[in-house]
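The sequence and structure are shown first.

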Amino acid sequence: MQRGNQSSATEFILLGLPIRKEEQGLYYALFLAVYLTTLLGNLLITLLIRLDSRLHTPMYFFLSHLALTDISFSSVTAPKMLMNMLTHSQSISYAGCISQVYFFLFFADLDSFLLTSMAYDRYVAICHPLHYTRIMSQSLCCLLVTASWLLSCGGALVHTLLLARLSSFRDNTVHHFFCDLSALLKLSSSDTTINDLVVLIVGSMVITLPFVCILVSYGHIGATILRSPSIKGICKALSTCGSHLSVVSLYYGAIIGLYFIPSSNDTNDKDVIVSVLYTLVTPMLNPFIYSLRNRDMKGALRNLFSRVTFSL
């Protein structure tokens, strides 16, 4: 891509992480370990839910989809970042960049909708326990997951199509380790008014609205617990909601730090670092949160190890 006010894009240069060259080997090993842990941990959760009949419940149905989404979400950015660190190549094709934007937004939105579905499941389980089986039917669970996929696909597609219509860029250097939508919009020399407006509207629909729904769900859960306070009831609520609340805090905490707290410098190093936490660290931590804080998952894991040991 040639420099200029009206240059067309053929490729972009990803500056990557704000680390020194002599430290890249160390960080490469670290992020490779994080990525492999993400893959193995979330695959293990999916396998446990598939094999253990006690985990064939709505909560774990949503959790299995969340685990697969986390694998896909990390895989959108991590392999390219690791390859660039290994080969010291920073280029990415225009088509590859646009594709990365689409899948990044798709799986980020899907995470948000699945966490909302899980919050609704916890709300029904605690606030309407006698009607839980009837309300959280298999058809409703499938409907919620299908709606999550369709809404995520639609939101990501709108952003991607509007990005693709931008015909010129001032520069092809992206101050990030992946093709971030906001970073690309800043580089464009075309009019991005519509893009910015859609980012605000769609962002409110796929991030802010689900977050509000989660807060409302836990508000009702808290009110239900306070109406009949007991140590047993509080412990039960914490055991069923603690893992989900931890994941929600990690997910939305990273988003707030990334998009609602302005950077203090022009290089946006803070944004890059928070994005690493958002795209790599959080998906890695989710399996540990659900396995260490969840009695059913720990029981299923012990059963799996027992079956493997017995077969050997």
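## Disulfide bond

The torsion about the S-S bond of C97 and C179 is about -125°, so this disulfide is left-handed. C97 lies in helix α3, while C179 lies in the loop between β3 (173-174) and α6 (181-187), so the pair ties together parts that are 82 residues apart in sequence. The two sulfur atoms are 2.0 Å apart, and the structure holds one disulfide, a term applied to a pair of cysteine sulfur atoms within 2.5 Å. A disulfide is a covalent bond between the sulfur atoms of two cysteines.

C97 is buried, with a relative accessible area of 0%, and C179 is likewise buried, at 1%. Here buried means under 20% relative accessible area, exposed means over 50%, and partly exposed lies in between, with a 1.4 Å probe and protein chains only. C153 is partly exposed, with a relative accessible area of 29%, and C213 is also partly exposed, at 33%.

## Basis of the model

The structure is a predicted model, in which local features need pLDDT of at least 70 and side-chain atom pairs count only at pLDDT 80 or more, whereas totals for chains, interfaces and linings use all residues. Residues are numbered from 1 along each chain as its sequence is written, and side-chain values use heavy atoms, with hydrogens and water left out.

## Overall architecture

The chain has ten helices and three strands; these are DSSP runs numbered from the N terminus, with helices (H or I) of at least four residues and strands (E) of at least two. From the N terminus on, the order of elements is β-α-α-β-α-α-α-β-α-α-α-α-α.

Of the 312 residues of the chain, 46% count as buried. The chain exposes about 16,000 Å², of which carbon and sulfur atoms supply 67%; accessible areas come from the Shrake-Rupley method with a 1.4 Å probe, and for residues only the protein chains shown count as cover. Among contacts in the chain with a separation of 6 or more, 79% involve residues 24 or more positions apart, where contact means heavy atoms within 4.5 Å.

The structure holds two cavities of 30 Å³ or more. On a 1 Å grid over the protein atoms alone, a cavity is a set of points where a 1.4 Å probe fits but cannot get out, and lining residues have an atom within 4 Å of a point. Grid points are joined across faces, edges and corners, and a volume is the space filled by probe spheres set on the points.

The largest cavity has a volume of about 60 Å³. Its lining consists of L66, D70, F73, D111, L115, V247, Y251, Y278, T282, P283 and N286. Helices α2 (58-87), α3, α8 (231-259) and α9 (269-292) each give two or more residues to this lining, and α9 gives the most, with four. By class, the lining of the largest cavity has seven nonpolar, two polar and two charged residues; Ala, Val, Leu, Ile, Met, Phe, Trp, Tyr, Cys and Pro count as nonpolar, Asp, Glu, Lys and Arg as charged, and the others, Gly among them, as polar.

The second largest cavity holds about 30 Å³ of space. N42, I45, L63, L66, A67, D70, N286, P287 and Y290 line the second largest cavity. At least two residues of this lining come from each of α1 (24-51), α2 and α9, with α2 giving the most, at four residues. The lining of the second largest cavity divides into six nonpolar residues, two polar and one charged.

## Individual residues

F107 is found in helix α3 and is buried, at 10% relative accessibility. Not counting residues up to four places away in sequence, F107 touches T69, S72, F73 and V76. F107 and V76 are 31 residues apart in sequence, and their C-alpha atoms are 8.8 Å apart in space.

S117 is placed in helix α3 (residues 94-127) and is buried, with a relative accessible area of 7%. Leaving aside neighbours within four places in sequence, S117 is in contact with F62, L144 and S148.

H88 is found in the loop between α2 and β2 (91-93). H88 has a positive phi of about 60° although it is not a glycine, and H88 is exposed, with a relative accessible area of 61%.

Conventions. On a 1 Å grid over the protein atoms alone, a cavity is a set of points where a 1.4 Å probe fits but cannot get out, and a pocket is an open set with protein on both sides within 12 Å along at least five of seven lines; lining residues have an atom within 4 Å of a point.
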